[in-house]
Amino acid sequence: MDCCVISALWCFIPLYLLLYLLSFIFADADFTLLWGSLVGHRPEKKLKGQVVWVTGASSGIGEELAYQLAKCGSRLILSARREDELNRVKHCCLECSDLRDEDILVLPLDLLERTSHEEKTKAVIQYFGHIDILINNGGRSQRSLCTETNVDVYQALMELNFLGTVSITKQVLPHMTQRGTGSIVTVSSVVGLAGAPLATGYAASKHALQGFFNSLRTELTDFPNILISTVCPGPVQSQIVHNAFTEELNRPVASAGNQEHKMPTSRCVRLMLVGIANGVKEMWIAQQPFLLFYYAWQYAPTFAWFITNILGRKRVQNFKAGLDADSAYFSKLKTS
């Protein structure tokens, strides 16, 4: 009998490992998040009727968040600098959902104008009565080499991505602690976990966000119903490259390149909503081979450094050759 059990185990273990490997090869998120998408709470039920404030809602991930949250039946506050774009997004939300006009508040917001954040938060609470979820999505990326980048660019990245996010969070958090419930979800990045060339300032701002919210989470242990969640996407189809900082503050990106190889924005946002609905504290969202880097940096950092140096060199070479930094991994270097 014991021999039969042992034989069965010897057959089961390799099969289990094989299935685990195959699932990882085709995975586009960490296993906790994927498990939640299979057997966890559905966003359509969990987020229905929730009051959700989305910053950076005029394009990219923020815009897609607005559409999918509207379909879930969430009441929305849409914030960004461009009011005309926010009104466009609101109109699309109303067309694709059962929400009424009064269920969506367009609230122009500049993360750099920190003195206005208290007033904006009061306006939201006055309109809806409370805030269930704050999604910190506003910010800009970077595409430039450190040696060529003005220090003003680094200051702007930290002011916008880090201090702007911290400022709006500090206005909303007391409201949530008073109610004893709520969720603060912050869109970080894969470079918030590991550095990458051409993004020294951007990576620094995202590392700062990771440190801030990981520390904040530990301060809120007396509030178990307040979720502090960080989202770490890899390359996603959005406008983030088009709007990225370069060597100088007002110099636009020369060419955003082809974005088709990146994860569709709709898939990224769907996984984010699954994570929010299931209380996931940190979400890794990326297609392969990028997802592999998350696990390598977590469990095999020496190997991760080796691979990062190889790919980082190629990333810089392709950037200098005029190719998109991310698509560089899938493209041959141009030669004259």
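This is a predicted model: local features need pLDDT of at least 70, side-chain atom pairs count only at pLDDT 80 or more; totals for chains, interfaces and linings use all residues.
At what angle do helix H4 and helix H9 pack, and how far apart are their axes?

Helix H4 covers residues 60–72, and helix H9 covers residues 265–277. The two pack at an angle of about 60°, and their axes lie 9 Å apart. H4 is therefore oblique to H9. As for handedness, the crossing of H4 and H9 is right-handed. On the H4 side, the residues that meet H9 include Gly 60, Ile 61, Glu 64 and Leu 65. On the H9 side, among them are Thr 265, Cys 268, Val 269 and Arg 270. Sorted by class, the contact of H4 with H9 contains eight nonpolar, four polar and two charged residues.

Let me now step back to the whole chain. The protein chain has eleven helices and seven strands. Of its 336 residues, 50% count as buried. Among contacts between residues at least 6 apart in sequence, 72% join residues at least 24 apart.

I turn next to the sheet. In what order do its strands lie? This is an open sheet of seven strands, arranged E3-E2-E1-E4-E5-E6-E7, and the pairing is parallel. At the edges are strand E3, residues 104–106, and strand E7, residues 282–285, each of which pairs on one side only. From one strand to the next, the twist averages 15°.

Strand E4, residues 133–136, and strand E5, residues 182–187, pair in the parallel sense over four bridges. Ile 135 stands opposite Val 185 in E5.

A helix also lies across part of this sheet. Helix H8, residues 200–219, lies across E4, E5, strand E6 and E7. Relative to E6, which spans residues 226–233, H8 runs at about 155°.

The loop between E5 and H8 contains Leu 198. Leu 198 is not a glycine, yet its phi is positive, at about 75°. Is Leu 198 buried or exposed? Its relative accessibility is 3%, so Leu 198 counts as buried, the cut-off being under 20%.

Pro 289 is placed in the loop between E7 and helix H10, residues 290–299. Gln 288 and Pro 289 are joined by a cis peptide bond, with omega about 10°.

That brings us to H10 and its partner, H11. These two helices pack at an angle of about 135°, with their axes 6 Å apart. H10 and H11 are therefore oblique to each other, since an angle counts as roughly antiparallel only when it is over 145 degrees and as roughly perpendicular from 65 to 115. From H10, the contact is made by Phe 293, Ala 296, Trp 297 and Tyr 299. From H11, the residues include Pro 301, Phe 303, Trp 305 and Thr 308. By class, the contact of H10 with H11 divides into ten nonpolar residues, one polar and no charged.

With a relative accessibility of 17%, Thr 308 counts as buried, because the value is under 20%. Which residues does Thr 308 touch, leaving aside those up to four places away in sequence? They are Gly 195 and Trp 297. Trp 297 is also one of the H10 residues in the contact with H11.

Definitions and conventions
Residues are numbered from 1 along each chain as its sequence is written. Side-chain values use heavy atoms; hydrogens and water are left out. Two strands pair if DSSP finds at least two bridges between them. Axes are lines fitted to C-alpha atoms, for helices over the stretch in contact, and angles run from 0 to 180 degrees between N-to-C directions. Contact means heavy atoms within 4.5 Å. Buried means under 20% relative accessible area, exposed over 50%, partly exposed in between (1.4 Å probe, protein chains only). Angles under 35 degrees count as roughly parallel, over 145 as roughly antiparallel, 65 to 115 as roughly perpendicular and the rest as oblique. A crossing is left-handed if the near helix is turned anticlockwise from the far one by less than a right angle, and right-handed if clockwise. Ala, Val, Leu, Ile, Met, Phe, Trp, Tyr, Cys and Pro count as nonpolar, Asp, Glu, Lys and Arg as charged, and the others, Gly among them, as polar.
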